[in-house]
Amino acid sequence: MRLSTLRAAALGVALLVPSTVLMAQDQTPAPETPVEAPNPSGEQPEPTAEERDSEPRDPLEIYADLNLFGEIFDRIRAEYVDPPDEEELIRAAIRGMLTSLDPHSDYLPPADYNDTREDISGQFGGLGIEVTMEEGVIKVVSPIDETPAARAGILANDLIVELDGVSVQGLSLDEAVDKMRGPIGTDIKVTVVREGVNEPMSFEMTRATISMRAVRWSMEGDVALLRLARFSAQAFVGIEAAINEIYEERDGAAPKGIILDLRNNPGGLVDQSVYVADAFLNRGAVVWTRGRTERESARYDAQSDPLDKRLADVPLVVLINGGSASASEIVAGALQDHKRATLVGTRSFGKGSVQSIISLGPDGAMRLTTARYYTPDNRSIQALGITPDIEIKQVVPEEFQGRDEIIGEAGLEGHITGDAEEESSVGSSVYVPVDKEEDTQLQYALRLINGEETHEAFPPKAE
């Protein structure tokens, strides 16, 4: 699997050059140009707002504004009713500056930056226990294979009651998870209550590197269902491993079809979206990114490899909904444009912008919007989203009706505009039933692949 990047230099330059409107010359004589009356005072008229915006500001004006910031900062330090935390004041000002740009630019203090890096890498120091909250109790869903929890003997349905001798009663699920995570190589004692065992059981474990599972798969008859939860660094590795396991389970036989479930997948790394799309494509563009600089303007291509050759003849359906965003939309848009997959569900979120995370060393990082995404057919995703080939809505329970839909990116205050003339103005559902039998979108996709349902969009036909 290789990722080739073709810098769109000419395109980047074109974006930086102001466009000129060329109009045909009318043959009617032009009216005489009025002559401005003399200005005896010599004073220049005040520039209009449009004129001010079109001209770059004098650096001295900019530094004067920075002096204003410094003056206000000093007055707060000297006169605010309680002594303020100067570091927090400055960080709040930085955050305000970034968040004023759009909903996705932000300042990340050191702790948040560390969490973001864990989220992106898909790895952290921990025990390898998947847990849930059930009636106020921390319950083990399952230990992850080949992790400290699995080796120690933690079992599904164990109830965690103490961590390092301290009761977990009253803790939220996130608080309990945070306590189990920690630096790799550090020890922790976990006490559990197990059904059928009279006394609580204690396990001494050493934290290790845990890889969060990005992909889950199952066989629905002869159809493979791949659920990709997030485009972390584990996304493509998870897709590749799942496909290999499916073929092994079927003694090398290909599945009748594949359903790639990207619903409520919030996105993640651009390169992972390219790798995942490349798993099903043998050539062509996957996505364009275009920013103000040449460095931010690029084309990412798919390459022929053994994986896409293995899957070339396997029908593919991609499920999307109002919660499918960013990298999910890159994959869905690429597979749709190349006529490799049929998209089923409801319109996606519409987050078509690239955020670069720029390290600030010990001071954390800044997340800055630096480019927009475009599909291979040059469609802008921003504030419009990806429209499925076949719209299928879920049957939403009465208690969720009216609360299951979101407008998406177009509904966020301060969002950057896309290149499309229209923006999404109606909601798209994010509801997905837990029970597969009640999942209207999934069941339709299964019937489509099994030939029990027909539609002109399946299989997609190359033009």
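These exercises, each with a worked solution, explore a predicted model.

**Exercise 1. Classify the ring pair of Phe400 and Tyr431: which angle do the planes make, and what is the pair called?**

Start with the setting. The structure holds three aromatic pairs. In the pair of Phe400 and Tyr431, the ring centres lie 5.7 Å apart. Pairing asks for centres within 6.5 Å. Next, take the planes. They stand at 40°, so the pair is tilted. Stacked would need an angle under 30 degrees, and edge-to-face one over 60.

Now place the two residues. They are 31 residues apart, and their pair links distant parts of the chain. Phe400 belongs to the loop between strand 20 (390-391) and strand 21 (405-406). Tyr431 belongs to the loop between strand 22 (428-429) and helix 12 (440-449).

Last, check accessibility. Buried means under 20% relative accessible area. Tyr431 has 16%, so Tyr431 is buried. Phe400 has 35%, so Phe400 is partly exposed.

**Exercise 2. Find the rings with a charge over them: which ring lies under Arg117, and which under Arg290?**

Take Arg117. Its charged end sits over the ring of Tyr113, 4.3 Å from the ring centre. Then take Arg290. This residue lies over the face of Trp288, at 5.5 Å from the ring centre.

**Exercise 3. Describe how helix 8 and helix 9 pack: at what angle do their axes cross?**

First, locate the helices. Helix 8 covers residues 235-249 and helix 9 covers residues 270-278. Their axes come within 8 Å and cross at roughly 20°. Angles under 35 degrees count as roughly parallel. Helix 8 is therefore roughly parallel to helix 9.

Next, list the contact. Helix 8 brings Ala235, Phe236 and Ile239. Helix 9 brings Gln272, Tyr275 and Val276. Then sort by class. The contact has five nonpolar residues, one polar residue and no charged ones.

**Exercise 4. Inspect the backbone: where is Ser326 found, and what is the place of Lys339?**

Begin with Ser326. It is not a glycine, yet its phi is positive, about 55°. Ser326 is found in the loop between strand 16 (316-320) and helix 11 (327-337). Its relative accessible area is 4%, so Ser326 is buried.

Move on to Lys339. Its phi is also positive, near 55°, in a residue other than glycine. Lys339 lies in the loop between helix 11 and strand 17 (342-345). Its relative accessible area is 31%, so Lys339 is partly exposed.

**Exercise 5. Identify the peptide bond between Phe458 and Pro459: cis or trans?**

Read omega. The value is about -10°, and the bond is cis. Then place the residue. Pro459 is in the segment after helix 12.

Technical notes. Residues are numbered from 1 along each chain as its sequence is written. This is a predicted model: local features need pLDDT of at least 70, side-chain atom pairs count only at pLDDT 80 or more; totals for chains, interfaces and linings use all residues. Side-chain values use heavy atoms; hydrogens and water are left out. Rings of Phe, Tyr and Trp (its six-membered ring) pair if their centres lie within 6.5 Å; planes under 30 degrees apart count as stacked, over 60 as edge-to-face and the rest as tilted. Helices (H or I, at least four residues) and strands (E, at least two) are DSSP runs, numbered from the N terminus. Buried means under 20% relative accessible area, exposed over 50%, partly exposed in between (1.4 Å probe, protein chains only). A charge sits over a ring if NZ of Lys or CZ of Arg is within 6 Å of the ring centre and within 35 degrees of the ring normal. Axes are lines fitted to C-alpha atoms, for helices over the stretch in contact, and angles run from 0 to 180 degrees between N-to-C directions. Angles under 35 degrees count as roughly parallel, over 145 as roughly antiparallel, 65 to 115 as roughly perpendicular and the rest as oblique. Contact means heavy atoms within 4.5 Å. Ala, Val, Leu, Ile, Met, Phe, Trp, Tyr, Cys and Pro count as nonpolar, Asp, Glu, Lys and Arg as charged, and the others, Gly among them, as polar.
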